[in-house]
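Dear colleague,

Please find below the structure I am handing over to you, together with its sequence. My findings follow directly after it.

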Amino acid sequence: MIEKECEAFLRGRSVQDGAHDLGHVKRVVALARGIGEEEGAELSVVVPAAWLHDCVSVAKDSPDRNRASGLAADEAVRFLSGIGHPKEHLDAIYHAIEAHSFSLGKAPETLEARVVQDADRLDAIGAVGIARCFLTGGGMDSAMFHPEDPFGRDRELDDRAYAVDHFYLKLLTLKETLHTAAAQREAGRRHGFMQAFLDELERELVS
């Protein structure tokens, strides 16, 4: 029941970019449920937090971006209170949503928050992560890569201007930030795929 109500709630809200659409949310929910089951987390916290972690949409290039997860946590608790979700889980859900954000830099203090953060970061890497990176870059009118130095070896990286720079500023760092064993296993495979993509991109650009 809670999942149908969360999905219906999200379908009625606007989305600022295609990389944070309902498809992203559903992937994060599936990952969070699987990781949570393996880790023994409280799913009454993990599942609604995963569903609602992006329920307030703030554009990637907005100056308010680092406030997005706190705004989402506020809205999620209001919604869940209104549909009668158990009150004893609301504080934990709030923390899990607020702490999932990369840009905020808040450390997750509970197992459930670590599960949700891991699930969200897994969806940012691998094949889906590559697609989301370029989709977001296009939405911000970024170029795919710097024309003279595509991989930022002799210049300052700028992922607002060049989508490939985002791999080096964020995506390739995520594997080392994950907390749970299940997420770390999957991250190794996805990280390798991203590195292979960049290797192939370099081969094609210099051939």
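Predicted model: local features only at pLDDT ≥ 70, side-chain atom pairs only at ≥ 80, totals over all residues.

Helices H2 and H3

The axes of H2 and H3 (residues 43–52) come within 8 Å, with a crossing angle of roughly 160°. Angles over 145 degrees count as roughly antiparallel, and H2 and H3 are therefore roughly antiparallel to each other. Their crossing is right-handed. On the H2 side, the contact includes Leu22, Val25, Val28, Val29 and Ala32, as well as Lys26, Arg33 and Glu37. H3 contributes Leu43, Val46, Val47, Ala50 and Trp51. By class, the residues of this contact are 10 nonpolar, 1 polar and 3 charged.

Helices H4 and H5

H4 (residues 68–82) and H5 (residues 90–99) have axes that come within 8 Å and cross at roughly 150°. These two helices are therefore roughly antiparallel to each other, and H4 passes H5 in a right-handed crossing. Among the H4 residues that meet H5 are Ala72, Ala73, Ala76, Val77 and Leu80. Their partners in H5 are Leu90, Ile93, Tyr94, Ile97 and Glu98. The contact of H4 with H5 comprises 9 nonpolar, 3 polar and 2 charged residues.

Histidine 20

Histidine 20 lies in the loop between H1 (2–11) and H2 (22–39). Its relative accessible area is 13%, so histidine 20 is buried. The side chain of histidine 20 is joined to that of arginine 132 by a polar contact of 3.4 Å.

With kind regards

Conventions: Residues numbered from 1 in each chain as written. Heavy atoms only, no water. Axes fitted to C-alpha atoms, helices over the stretch in contact; angles between N-to-C directions. Helix = DSSP H or I, 4+ residues; strand = E, 2+ residues; numbered from the N terminus. Parallel < 35°, antiparallel > 145°, perpendicular 65-115°, else oblique. Left-handed = near helix turned anticlockwise from the far one by under 90°. Contact = heavy atoms within 4.5 Å. Nonpolar A, V, L, I, M, F, W, Y, C, P; charged D, E, K, R; others polar. Buried < 20%, exposed > 50% of the residue type's maximum accessible area, 1.4 Å probe, protein only. Polar contact = N/O pair within 3.5 Å; in protein donor to acceptor, adjacent residues only side chain to side chain.
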